[in-house]
Amino acid sequence: MTEIQKEIIKLKEEKNALILAHYYQTMDIQEVADFVGDSFELAKITQKTEKPIIVLCGVRFMAESAKILNPAKTVLLPASDAGCLMADMITPDDVIKLKLEHPEAAVMCYVNSTAEIKTHCDICCTSSSAVKIAKSLKEDEIIFIPDRNLGSYVAEQVPEKTFYYFRGFCPIHNVVSADEVEEAREKYKDAPVLVHPECNKEVRDKADFIGSTSAIFKYVQDSKKSEFIIGTEIGVVERINKLMKGKKAYLLSTHLSCINMKKTKIKDVLNALKNLEEVIELDNDTMEKARITLERMVNIN
Ligand code: SF4
């Protein structure tokens with residue numbers, strides 16, 4: 001453990017803080033975290049902690065979700081410029097337009113969205129819960145925002161319902177190509193290809209397994225194979241290679257590194273704890289409305 005990591009551990013005890021890190025964070029940050037997980041797991045953990053301070057090492061929408069679910073707690077985002085390119089693609093006007101076009105449809109919102117967007121929706125979902133949530137809705141029509149790739153994946157699993165999408169996508173996952181899958185298979189012949197549903201359909205159709213980051217970890221853990229081609233952010237590959245003995249993960253594409261997830265540096269985590277910044281603040285009305293959509297998601301799961 002480095003000096004700065006030791007300082008962080010000491011400070012988090014002194015301040016009675018909980019450090020949460022997304023799987024896409026760098027390993028030095030994952031190592032000082034109390035819990036590492038995907039968006040859904042992190043959201044659930046925030047509700048279970050007694051600690052008054054939560055340091056969310058990830059991107060802004062995750063810190064907003066933590067604040068919405070825990071209004072009385074102090075939620076800190078160590079890198080204040082860590083946004084999400086997908087979340088920023090959609091505006092409230094886009095959602096309002098879709099609702100006017102499809103008045104009978106429920107609006108299902110991927111958690112990778114701003115708090116403001118969530119206030120216009122009926123329910124949130126994560127990549128791991130989206131299929132279950134779509135099936136549970138009483139409506140036969142669903143407006144899925146903002147990720148058209150995850151939306152089309154869910155629609156394939158829930159053919160009995162009609163889906164309408166927004167044109168958003170994750171620029172990191174969306175650029176992976178079917179050719180890259182072929183090349184990786186050629187290179188690592190015995191390795192199955194595991195991809196995230198944020199990848200486009202051509203890539204998903206060529207994969208052996210499609211799942212959230214947590215589902216990909218579980219697949220690797222449970223598999224008798226020893227090599228895997230991973231079609232999601234590089235942080236997942238690093239974690240498998242570091243923590244899973246006897247398993248080797250290869251990154252499907254060099255594009256799979258999220259610049260926003262990598263904006264948080266270990267020194268930012270220390271500064272966040274030292275100076276208690278950046279504190280996530282949202283107005284009460286936004287929190288109230290967005291909380292309904294997040295709590296529905298958590299309760300269904
Ligand atoms: S990987 Fe994609 S969806 Fe996730 S934070 Fe980065 S830009 Fe947003």
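These legends go with a handful of close-up views of the predicted model. Local features are taken where pLDDT is at least 70 and side-chain atom pairs at pLDDT 80 or more, while totals for chains, interfaces and linings use all residues. Numbering runs from 1 along each chain as its sequence is written, and side-chain values use heavy atoms, with hydrogens and water left out.

**View 1. The largest pocket and its lining.** This pocket comes in at about 180 Å³. On a 1 Å grid over the protein atoms alone, a pocket is an open set of points where a 1.4 Å probe fits, with protein on both sides within 12 Å along at least five of seven lines; lining residues have an atom within 4 Å of a point. Grid points are joined across faces, edges and corners, and the volume is the space filled by probe spheres set on them. Around the pocket sit Glu180, Glu183, Ala184, Lys187, Tyr188, Leu251, Leu252, Ser253 and Thr254. Helix H10 (residues 178-187) supplies the largest share, four residues. Helices (H or I, at least four residues) and strands (E, at least two) are DSSP runs, numbered from the N terminus. Sorted by class, the lining has four nonpolar, two polar and three charged residues; Ala, Val, Leu, Ile, Met, Phe, Trp, Tyr, Cys and Pro count as nonpolar, Asp, Glu, Lys and Arg as charged, and the others, Gly among them, as polar.

View 2. Pro146 belongs to the loop between strand S7 (141-145) and helix H8 (148-157).

**View 3. The loop between H14 and H15, with Leu276.** Leu276 has a positive phi, near 50°, despite not being glycine. Its relative accessible area is 33%, so call it partly exposed (buried is under 20%, exposed over 50%, partly exposed in between, using a 1.4 Å probe and protein chains only). Glu278 lies in the loop between helix H14 (266-275) and helix H15 (284-300), and the peptide bond from Glu277 to Glu278 is cis, with omega near -10°.

**View 4. Cysteines without a disulfide.** A disulfide here is a pair of cysteine sulfur atoms within 2.5 Å, and the count is zero. For Cys124 the closest cysteine sulfur is in Cys109, 4.6 Å away, too far for a bond. Cys199 has Cys170 as its closest partner by sulfur, at 8.3 Å, also too far. Cys124 is buried, at 0% relative accessibility, and Cys199 is buried at 0% too.
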